[in-house]
Amino acid sequence: MRLKGAMRTIRVCWSIWLGYLIVLLSLLIGGSRSVRLREYKFEVGYMKKKPDCIENSYVMGINGHFPGPTIRAHVGDTLHISLFNNISTNEPTSIHWHGISQYGTPWADGTASISQCAINPGETFHYRFTVDKAGTYFYHGHYGLQRSAGLYGSLIVDLALGQKEPFHYHSEFNLLLSDWWHNTSFHQELSLSSKPFQWIGEPQSLLINGRGQYNCSMAANTMNNNATLPQCKFRTSDEECAPQILHVHPNKTYRIRIASTTSLSSLNFAISNHKMVVVEADGNYVDPFEVDDIDIYSGESYSILITTNQNPNNNYWISIGVRGRKPNTPQALTILNYKKASISSSNIIIPNSPPPITPQWNDFNRSKAFTNKIHALMGSPKPPTHYDHRLLLLNTQNLIDGYTKWAINNISLVLPQTPYLGSIKFKINAAFDRRHPSENFSNGYDIFSPPINPNANFGNRVYMFNMNQVVDVILQNANVLSGKNSDIHPWHLHGHDFWVLGYGDGKFKQGYDEKKFNLKNPPLKNTAAVFPYGWTALRFRANNPGVWFFHCHIEAHLHMGMGVIFAEGVQLVKGIPKQALACGLTKKIIMSFNTTNN
């Protein structure tokens, strides 16, 4: 059996390498491509929905759908999304197109107070941008905790017509993973901003494509009477919280695109009895490797290949479970249905064996082992061998006037009223603190103990880079305010991919730990985890004129100040639409222009 498994892996990997050569040839030849404008009309508002079988009147969706509609385009296409704010609670909004570089259109990045003014109720904002790289992406709300309320959807970019992926598959599925609270996002914001601090707690449910089950389990009858939850009962497979089943044919290869838009949870994804070959991470090809399961953090996306070579008369569980935090949320389940297998009377297909066991939540060595398997596919861009500018950023939990906050180098981010893009472009000095932010932290800081002086400050300074500078960012994790604990933080960079040069335990040692950096085949990503009491080293080239958010992708941590601002080449930005800056101190300037600025 091991020999057969090894031969299967060799065949899949050889197919991927052969496909990659075909991609290179098609690029050299210049395969045909049909570029087009794709237009969408989005209306954002609250709805009554039952994501996990419990009715909620404050589910945020688009055009009456939760999750929002899937956007699909080809490389080179221009997307025009007309976004109308119809939120009944008088909330502004904005949407970030996660993983899209926004070269030449930084105002379309969708970050309120950074790249644009928030979209007020009754207003329409026009996002217009080009998608320049194939991959698995998604979009989500970037105002307040609206992602926690359900404002997200998938964005898939296919290769240009005439080009081929460096791997073969017969068909594909798209899975968007999320977590869900029964408390509204308003209650969550109030708790996070209270004194004394009130943590929002673990989510009640995990969702797969917006569907989950609360207080029951689809697998209860397979758990040998040890189930703590009753068996879920659905009237029909079309019920709102019934799982979306993946129907497959035997002996085929399927691509499964997986993206995590969770607000808090780190997840583990597995399919019973099926090996997975990882081929893409955050829109970049990786050296294919085979695993039984994958860890996926908020903001990450992967493509995996599976071969349906199991008994076609059975069906198999697809599961996600919590990693990195002591779980108080049951697994989410759906089913891989071989089309030869039978369907129950309720149209819900139940495998006859238990689902995969989610690995121990605090087995961080296992998490690191998976992460360290991710390498760029041969032929991918390599990082520059040296950096021009290095930042060492310490993630800490702090107090400000008795309020619990997160801070970077002792500064908790509070965004200004005027978007940075306009205030830097038009040199409005009063819009934010123009002093240089700290680029390092005290060498004597004890990352393994609660801070001796927990007090921090609010701030909104900007890290300014020269165009085309090579920037290193070392993210350092530390102990929280009290007790012995350090969280996982997935960090996401807007406007760029970065090379993940390495991970390490303990405090980063300059001149020593950098000798371990992988400069040969580091993966290109836009989101990377920082593990408890550890560091993560990233490198990117500041070659995208604009102002860009860099932040922890955990919604509560960002809300509590865990982020920084990067800016580069802002004076090169042309054609900013009036609407993007028609607020704050740029309002008078931008409205005085007859046309878009230059």
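These legends go through a few close-ups of one predicted protein model. Local features need pLDDT of at least 70 and side-chain atom pairs count only at pLDDT 80 or more, while totals for chains, interfaces and linings use all residues. Residues are numbered from 1 along each chain as its sequence is written, and side-chain values use heavy atoms, with hydrogens and water left out.

**View 1. The Cys53–Cys241 disulfide (a pair of cysteine sulfur atoms within 2.5 Å).** The sulfur atoms sit 1.9 Å apart, and 95 degrees about the S-S bond makes this link right-handed. Cys53 is in the loop between strand 1 (37-49) and strand 2 (56-62), and Cys241 is 188 residues away in the loop between strand 10 (205-208) and strand 11 (246-248). Strands here are DSSP runs of E, at least two residues, and helices runs of H or I, at least four, numbered from the N terminus. Cys53 is partly exposed at 29% relative accessible area, whereas Cys241 is buried at 2%. Buried means under 20%, exposed over 50% and partly exposed in between (1.4 Å probe, protein chains only).

**View 2. The Cys117–Cys583 disulfide.** Here the sulfur atoms are 2.0 Å apart. The S-S torsion is about -95 degrees, so this one is left-handed. Cys117 is buried, with 6% relative accessibility.

**View 3. The Cys216–Cys232 disulfide.** With an S to S distance of 2.0 Å, this link is right-handed at 95 degrees. Both cysteines are buried.
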